[in-house]
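My notes follow in the order I took them.

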Amino acid sequence: SPYPSEVTAQMVANFENGGAAINAITAAVGAELDVFGLRLESPTGDITVGPAITEAELLEALNVGAGAVTGDVDILAVGEMGIGNTTVAAALSASSFGGSGAHWAGPGTGLDDEGVGKKANVIDRALALHSHVTSAVDRLRCLGGRELAAIAGAVLAARHQHCPVVIDGYVATAAIAPLFAVNSDITAHCVAGHRSAEPAHGALLGKLGLNPVLDLDMRLGEGTGATLALAVLRAAAAAHNRMATFEEASVANRTSGSGDA
C-alpha cells in the first residue's frame, strides 16, 4: 500500500470522532454506527511466511463480530478499515475460488501497475505457502485479518438471528468468500450494497451470486457503499408496504384480450 500501516488506527479514531465519510453517510440515511477497534496496535503477520493471525486472535475477532449483532438490529451493514487489506481480500478470493494473484489483485488505495504486480506476486507466494488450507476458519486465519474475521462472525450471527446483511466493497465481500466456498447458502440473507471500483469486486460478486444495489465506482470502503444502499432498500420496502394496489386506489387496470390484431 502507498499508505503506512498507522493510518488504520488513525482512521478508526476518525470514525470514533465523527469526522469520516461513513459518519456523514450514516447520519444522512438515519442509521446507527458502531466502531470496533481490533488490536490496532498489532499488525497482522506476513502471509508469505506464516499465518496472518493466531487461532486465539481469530476466535477473538469472530466473537467481536458476532457480538455486534444485538437483538435490536433489524438490518446490518458491514464495513472495514485496514491498510493493505485489499491484498488480503485478493488472497482470500483466490484461495476460495481459484485463480492467480494477477486475477484478483487491483490498485487498492492507488497503486500503479508496478505496485499491482508486486501485490500479485505477494498473493501468489502466500497461496503457495498456504495451499494445504481448505476450511473457512483456516483460510481466515492464514490469509485473512481481524477485520475480515469479525465481518464473517457478524454475518454468521446475523443469519442465526434472521437479520439481513448488506455487504460493502471488495474487502467486506471477500470476508464471506471462505464461508461460501464450504456452504453456498451463506449468502441467502445477504445483499451486495454496491460494486466498487476495485476491478475484481465484480468477479467476486459473480462467484457469490450477488447483484449490487449500486454501481457508482466507489472505492472508499468504511462501509460507505453498504450504508448508502440502505437508503434504496428502505425506499423499496416503503413502496412495497405503503403503495395501494390499483384496486385499492380505484385505478383502472389494463383489460385482457384487447391486444392489437
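Entry 1, a buried valine. The model is a predicted one. I began with Val12, which counts as buried at 7% relative accessibility. Val12 has its place in helix H1, residues 7-17. I then asked what Val12 is in contact with, leaving aside its neighbours within four places in sequence. I found Val35, Leu40 and Met81. I also looked up Phe97, 85 residues from Val12 along the chain; the two C-alpha atoms are separated by 31 Å.

I took helix H2 (residues 21-29) and helix H12 (residues 224-242) next; their axes come within 9 Å and cross at roughly 10°. Angles under 35 degrees count as roughly parallel, and H2 and H12 are therefore roughly parallel to each other. On the H2 side I listed Ala21, Ile22, Ile25, Thr26 and Val29 as making the contact. On the H12 side the contact is made by Thr224, Thr227, Leu228, Ala231 and Arg234. I sorted the residues of this contact by class and got six nonpolar, three polar and one charged. As a reminder to myself, an α-helix has 3.6 residues a turn, so residues three or four places apart point the same way.

The axes of helix H4 (residues 85-97) and helix H7 (residues 136-143) come within 10 Å and cross at roughly 145°. I noted the crossing of H4 and H7 as right-handed. Val88, Ala91, Leu92, Ser95 and Ser96 are the H4 residues here, and they meet Arg139, Leu140 and Leu143 of H7. By class, the contact of H4 with H7 divides into five nonpolar, two polar and one charged residues.

I asked how many of the eight residues of H7 are buried. The count is six, so H7 is largely enclosed by the rest of the structure. I wrote the buried residues down as Ala136, Arg139, Leu140, Arg141, Cys142 and Leu143. They pack against H4 and also against helix H3 (55-67), helix H6 (113-129), helix H8 (146-160) and helix H10 (177-182).

I looked for disulfides and the structure holds zero. Cys163 counts as buried at 3% relative accessibility. Cys142 counts as buried, at 3% relative accessibility.

Technical notes: Residues numbered from 1 in each chain as written. Predicted model: local features only at pLDDT ≥ 70, side-chain atom pairs only at ≥ 80, totals over all residues. Heavy atoms only, no water. Axes fitted to C-alpha atoms, helices over the stretch in contact; angles between N-to-C directions. Helix = DSSP H or I, 4+ residues; strand = E, 2+ residues; numbered from the N terminus. Parallel < 35°, antiparallel > 145°, perpendicular 65-115°, else oblique. Contact = heavy atoms within 4.5 Å. Nonpolar A, V, L, I, M, F, W, Y, C, P; charged D, E, K, R; others polar. Left-handed = near helix turned anticlockwise from the far one by under 90°. Disulfide = S-S within 2.5 Å. Buried < 20%, exposed > 50% of the residue type's maximum accessible area, 1.4 Å probe, protein only.
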